[in-house]
Amino acid sequence: MPVFESVFESAAEQPERPALRPVALTAAVPEDGQAAARRGLVPVVPALREVLPDGGLRRGTAVSVAGGDAGLLLALAAGVRETEGGWAAAVGLPDLGLAAAEGYGLDLRRLLVADDPGAHWPEVVSVLAGAVELIMLRPDGPVPPKLATRLAAVLRRSGCVLLVAGPWPGAVLRLGVRSGRWFGLGDGYGQLTGRQVEVVAEGRGSAVRGRTARLWLPDEHGAVRPVQQHPVQHRPVQQRPVREQPQPVAGPVEPAAPLVAAVV
């Protein structure tokens with residue numbers, strides 16, 4: 001019996017379900033990230049460890065990325081390549097830039113994509129949770145708390161991490177970009193070379209007070225790294241830095257290799 005049939009009520013008539021497509025062929029399983037795995041964590045890139053209370057993403061939980069910042073979402077997901085399986089999935093993210101994802105560190109050979117699952121996204125997430133280490137998701141609308149509770153049970157059983165672009169009822173951790181500034185353009189010429197941001201993480205327990213970090217997201221090479229005390233000088237977009245709209249992180253919170261290479 002498919003996983004979602006044991007979690008969600010069946011309907012008399014169901015439209016055709018979306019298919020998943022593997023982005024590229026698989027590669028050898030990476031050996032890194034074993035220390036984090038022993039602590040029940042999905043690793044993250046070094047630049048993000050200081051902002052996360054556990055130094056990684058707790059398995060079986062949902063994490064909300066305020067405002068759906070694509071750079072922060074990809075940076076959080078990049079460490080999955082260091083797990084034993086190393087598989088990730090993107091659901092409901094048709095505009096996801098695969099080149100950007102690879103630049104942040106995601107292994108495209110171990111990435112499944114469901115571009116437009118529509119109303120079937122809960123079923124897709126439920127099935128994938130037993131097959132991959134991490135899922136990036138943008139729901140097609142507000143998520144009812146009852147549905148979030150059902151999927152939370154699926155995540156706990158599977159140990160999969162759910163990274164949500166936007167709010168999520170019961171998320172154990174919420175991250176957002178408080179401020180941002182792009183560099184690279186001169187007086188009407190040139191190209192963007194990087195973005196400096198302040199990332200804030202809030203949640204419950206050790207994360208309730210919030211943690212912050214100044215990061216390049218991305219830097220000139222498309223990767224994420226801390227802002228150094230004396231960074232390489234870049235020319236800002238304007239004399240007055242272009243600051244992105246702060247994304248509030250608010251609200252109460254609660255609480256090896258994949259089984260499939262594609263789900264249809």
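Modeller: A nonpolar core is a set of buried Ala, Val, Leu, Ile, Met, Phe, Trp, Tyr and Cys residues joined through side-chain atoms within 4.5 Å. Buried means under 20% relative accessible area, exposed means over 50%, and partly exposed lies in between, with a 1.4 Å probe and protein chains only. The model is predicted: local features need pLDDT of at least 70 and side-chain atom pairs count only at pLDDT 80 or more, whereas totals for chains, interfaces and linings use all residues. Residues are numbered from 1 along each chain as its sequence is written, and side-chain values use heavy atoms, with hydrogens and water left out.

Colleague: Which residues of the largest nonpolar core touch the most other members?

Modeller: They are Leu57, Leu134, Met136, Leu163 and Leu175, in a core of 44 residues. Helix α3 (residues 70-77) gives the most to this core, namely six residues. A further core of 26 residues lies apart from it, including Trp87, Leu112, Val132 and Val143. In soluble globular proteins, nonpolar side chains tend to be buried together.

Colleague: What does Leu57 touch, residues up to four places away in sequence not being counted?

Modeller: Contact means heavy atoms within 4.5 Å. By that criterion Leu57 touches Gly40, Leu41, Val42, Val44, Leu52, Val63, Leu76, Leu134, Val161 and Leu163.

Colleague: How many helices and strands does the protein have?

Modeller: There are six helices and twelve strands. Both are DSSP runs numbered from the N terminus: helices are H or I of at least four residues, strands are E of at least two. Of the 264 residues, 49% count as buried. The protein exposes about 13200 Å², and carbon and sulfur atoms supply 52% of that area; accessible areas come from the Shrake-Rupley method with a 1.4 Å probe, and for residues only the protein chains shown count as cover.

Colleague: What makes helix α5 mostly covered?

Modeller: Seven of the eight residues in α5 (residues 121-128) are buried. These are Trp121, Pro122, Glu123, Val124, Val125, Ser126 and Leu128. They pack against β5 (88-91), β6 (111-114), β7 (134-137), α6 (145-158) and β8 (161-165).

Colleague: Which residues point each way from β4?

Modeller: Ala62 and Ser64 point one way from β4 (residues 62-65), while Val63 and Val65 point the other way; all are buried.

Colleague: Why is Pro142 called exposed?

Modeller: The relative accessibility of Pro142 is 83%, which is over 50%, so the residue counts as exposed. Pro142 is found in the loop between β7 and α6. The C-alpha atoms of Pro142 and Pro167 are separated by 8.1 Å, although the two residues are 25 apart along the chain.

Colleague: Why is Glu133 called buried?

Modeller: Its relative accessibility is 10%, which is under 20%, so Glu133 counts as buried. Glu133 is found in the loop between α5 and β7.

Colleague: What makes the pair of Glu133 and Arg59 a salt bridge?

Modeller: A salt bridge is a side-chain nitrogen of Lys or Arg within 4 Å of a carboxyl oxygen of Asp or Glu. The closest N and O atoms of Glu133 and Arg59 are 2.7 Å apart, so the pair qualifies. This pair links distant parts of the chain, 74 residues apart, with Arg59 in the loop between β3 (57-58) and β4. At 25% relative accessible area, Arg59 is partly exposed.

Colleague: How many salt bridges does the structure hold?

Modeller: The structure holds six salt bridges. One of them joins Asp107 to Arg109, the closest N and O atoms being 3.0 Å apart. Asp107 is buried at 19% relative accessible area, whereas Arg109, at 41% relative accessibility, is partly exposed.

Colleague: How far apart are the closest N and O atoms of Glu198 and Arg178?

Modeller: They are 3.7 Å apart, which is within 4 Å, and the pair therefore counts as a salt bridge. Glu198 lies in strand β10 (residues 190-203) and Arg178 in strand β9, 20 residues apart. Arg178 has a relative accessible area of 37% and is therefore partly exposed.
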